[in-house]
Amino acid sequence: MTEDNNPQLYSLSRRKMVAGLGVVGLASAGAGVGTSAFFSDEESFENNTLTAGTLDMSVTANVVAADDYWTGQGALDLSETADGDVVSGIQVDDVKPGDWAVICFDIEVGDNPGYVQVRTDDFAEAGGANPEPEQDVEGDTDNDADLGDFLLTTVWQDYDETSGDKTGLSTLDPVFNNASDALDIDYEPPVDVDGVVDGDAHYTTAREANAVLENGYLIKDDNGDLLPINDGAEGEYSFCLLLEIPFQVGNVIQGDSISFDLVFETEQVRHNEDPFNNTVPVNNTAPVNNSTGGQ
């Protein structure tokens, strides 16, 4: 046996050498992926929801008392609750001196506090028929519309329904009546066609009341501050309207008529420093869906 003392030299071709280096390179790249990441962590706050609030008002009207003729005529039936829909109002076709009715309104604002504004709309008068007795008292045939100047339209803050008549009214609302500070008075019959009662109060006419309401009146508290109305302590605000034609009016109103709408509006209290007089434009457009769907 021949002993070979020279080491075996393995023959490596160029192709084999390059392939071997490639294997080493892949191994290095794989090791780099596993060791070069930054430290990291992740936390999350889940189930987040934002829901827009609501502001909803309803107004209930009830004729709580009236003279026998108006009651018997059945003309005082009201659609009691106004909740976003148009409701029918008082329709009386044969008004005479001495007629009267007390209508009480209950205003409720739900979910969020709201300021409430009351205003008149579409106030209109007409001369209608012009009979001889009316022409005689007016001294001409011009057929002026006079009912708005003689229909007493007073707002009262309190009414005792157990009375069943006008004597249950107390506490004149100062905004609608030309009155002194002594407003905590019970109803007294007017002594003349101008609505004069005594030195402390003067009953307003329909024209005078419209002059106050046509630009809107914001309901306020006893201190003259805006009154938020909601489902809390001030969940409901009530007032009563007395419509009355004094006996002293006579023939001057024959054939005349008057019509008007009584509108109730509410705006949120929050972020509202000047309710019903803001200059922020109102968005009346519905959102546009620009989605084209899945492709």
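A salt bridge here is a side-chain nitrogen of Lys or Arg within 4 Å of a carboxyl oxygen of Asp or Glu. By that rule, a search of the whole structure turns up five salt bridges. Keep in mind that this is a predicted model, in which local features need pLDDT of at least 70 and side-chain atom pairs count only at pLDDT 80 or more, while totals for chains, interfaces and linings use all residues. Residues are numbered from 1 along each chain as its sequence is written, and side-chain values use heavy atoms, with hydrogens and water left out.

Let's start with glutamate 265 and arginine 119, whose closest N and O atoms are 3.1 Å apart. This pair links distant parts of the chain, with glutamate 265 in strand E11 and arginine 119 in strand E4, 146 residues apart; strands (E, at least two residues) and helices (H or I, at least four) are DSSP runs, numbered from the N terminus.

Next, glutamate 125 and arginine 207 form a salt bridge at 2.8 Å, N to O. Glutamate 125 sits in strand E4 and arginine 207 in helix H5, so this pair ties together parts that are 82 residues apart in sequence.

What about lysine 166 and glutamate 244, buried or exposed? Both are buried, where buried means under 20% relative accessible area, exposed over 50% and partly exposed in between (1.4 Å probe, protein chains only). Their side chains meet in a salt bridge of 3.1 Å, N to O. By contrast, glutamate 125 counts as partly exposed at 27% relative accessibility, and arginine 207 counts as partly exposed at 33%.
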